[in-house]
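Biologist: I would like a close look at a single part of this protein. Please take me through it in one connected answer.

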Amino acid sequence: MLTRTSPIPTVADLAADPVTHHYDDMIAPSGLTNHLGTVRVDHDLTSVSAVQFPPVSQALATTAVAFVDGRIFTSYGAAVTHEWRPDRVVRRAVLPGLELVTTTVAVPGTTAVAIDVRVRNTGGTARSVEFMLSLAARVVAGDQAWNAAESPDARNEASVDGERLVFVDAAATAWSVQGVDVPATARLSGVAPTSEQFSVGVGGMGRGGDVTVVLEVAAGAEARFGYVNAVGTSREQALAVFEAVAGDVEGAVAASEQYWNAQLEAAVTPGNTEFSGHLPVLETESEALHRLYWWGILGVIYMRRDYAGNVLRRSYDTLMPNYWATTTFIWDFSLSSVTHALLDPAAMKRQLSHWIASDTHTLFGTSSLTGGPVGQWYSVNDYAMTRLVRDYVRFTGDAGFFDEQQTDGRSVLDHLRFWARAWQGLRRSSTLADYGEIENLLECVSTYTHEVASFNAANVWNLRVTADVLDARGDAVGAAELRAEADELVAEVRKLYLPGEGFFAARQPDGSRLPVRHCYDFNIVGTTIAGDLDDTTRAEMVAFFRRELQTPEWLRALSPWDPDASYSVRPDHQWNGAYTAWPADAARSLVALGEPGVALEWLPGLSRSANQGPPAQAHFVEEAQPLVNGGARKAPPQLPYINDWACSSAGAYVALVIESLFGAVPGLDGLGAVEGCVAELDPTAVLRGLRVGERLVDVHADGRVVDRA
């Protein structure tokens, strides 16, 4: 990051470190969005893939692959430097006598991607440079939920339209118009269109044709052209977008910078026109604290989707730019719960009401295209929904939400009661809930199944949260019943603990206990029932965390001393890395377990991992992959890792700062006394403009809460 002059960063302040790599190095390709759609910016100089603006999709199909002077660019073996910012990706490379720079943007307000290509002649004589882009598309209009990790694609027919290529699906419901903004030659490849069994890698990338530009470049001079890929649901729509963008590609690049600077400012401005709420401004002398806070904010606003036809009008996708487009996972959304409640409570309420009307015991998320279910049941859902409703009400003050009737005729409070006791229907042979097999839990830890400590501890928390709601509404008897059930249940959860070890066992249906050294138990037990643990247990848990899970820059989700570390290499939940929210929640657990100093000492290392754009689905620990300029490397999307470049649970870092470090934890009755630990890091730190119900307050590191006019 650059040196800041304001507590509100610009796109330049949030720029990722330049990353230089060769063809297909272990670098996750970055993404861009304009809130209408997304694009993946690939390893080479110009190619892009996954250009999708719902309802138009084309999976991971790649286009705009560069040939320089007749030769595919990647074959030169030249290193490419990528420089990501929220508004653009700049790619740089050097060939003999040439410096090549491309700037890629998702053009604001349009369904288009644009690339500004600049070629500098570093030789002593003028030369002609032939630049060819190999073009392809697999566009299709998806009118159903995109129920697979890869969004849909379809066979396209290509045709030449002057100096550009036009691609269309068989039903003529999806179009892609691709070309350049200078005189060029466009032609078809002559290769038959790819089949319906098309797949990246095995089936090839696809090749519909190409467009060639010849640049005359004087010695020491620069020449340029722009590439545009515009999509639409009709030929007329796609052509209109193409012509508008191609008419001023340089203007599109400038507009993207203006757009994203405005988004960042709006995110922390009361009464802004972009979001229905706002987040507080963090003033701090700690660069690490500021960096992590804005890492979390950026990771959430990068997932906003306002495309035409969105059933919720606005949603927040979970992953980008490779997988599960148009899908919002309940689990990931809940990990950014505080951020959503502050930043965009109106969108959050619509999403919550939509999920409450769904059967959350049969899905892991929903599609913003149709509102329909996506995926299998995730065991977290009862806890996640309780957390989401609680956080929405705590920060908005909208207690009337509890009484609102949902489409099934029940109130939100009725659903809250159901979630609090749903675990009772999951019991088998013991008091604890059995959360099923691997596909319902962490997916790549085979021992983390059935009666796990995390969600059973969360059930204790759910009971107590619902009791608090009943108390606030005058139902003291109902609240007492729930608290009594919670006290009985927490005693059973503690029986899963392995004394002296610092971690828990997962009890199997036959009564056997499998020890599991995973951070998820540490995170959830610590953040839900820390007060029910004795001092020895808390100390042992922290010692285990520091000994086997914590790394200087990141976290091992699973201890490398766990026998199940041989089961999988997926870094979101295994020994070689961790899912992006786990370090934030681990730090929150450390604070709750009485060791805030350990969390604070960790922050500078964690902040170094905020150097590659918004938080990824997972980052590697250094033992698995070398650091990138001091930060934990983002995990790539290809098999066997299948992790995406960005993930919406980034908001967990915002919650870490506001609630755990500043201690600003509102109850259902508003914000009371604040007891944080941030003063140990920066005694001058202030959260300015925190909204809690009707109050707008400044929260100081020393615990003072000052109301603003």
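This is a predicted model: local features need pLDDT of at least 70, side-chain atom pairs count only at pLDDT 80 or more; totals for chains, interfaces and linings use all residues.

Which residue in β4 does Val41 stand opposite?

Modeller: Val41 stands opposite Val48 in β4. The strands concerned are β3, residues 38-41, and β4, residues 48-52; they run antiparallel and are joined by three bridges. Both belong to an open sheet of four strands, ordered β2-β3-β4-β6, with antiparallel pairing. At its edges lie β2 (30-33) and β6 (62-63), each of which pairs on one side only.

Next, the domains. The assignment for the protein chain gives domain 1 as 11-260 and domain 2 as 303-420. Their centres, taken over C-alpha atoms, are separated by 34 Å. Domain 1 puts 24 residues into the contact and domain 2 puts in 18. About 1,700 Å² is buried between the two domains, and carbon and sulfur atoms give 61% of that area. On the domain 1 side, the residues that lose the most area to domain 2 are His35, Trp146 and Ala149, which together make up 32% of what that side buries.

The largest share, four residues, comes from β2. By type, the residues of that side divide into 12 nonpolar, nine polar and three charged.

Conventions: Residues are numbered from 1 along each chain as its sequence is written. Side-chain values use heavy atoms; hydrogens and water are left out. Two strands pair if DSSP finds at least two bridges between them. Helices (H or I, at least four residues) and strands (E, at least two) are DSSP runs, numbered from the N terminus. Domain bounds come from an automatic or database domain assignment. Contact means heavy atoms within 4.5 Å. Buried area is the accessible area (1.4 Å probe) that two parts lose on being put together, summed over both. Ala, Val, Leu, Ile, Met, Phe, Trp, Tyr, Cys and Pro count as nonpolar, Asp, Glu, Lys and Arg as charged, and the others, Gly among them, as polar.
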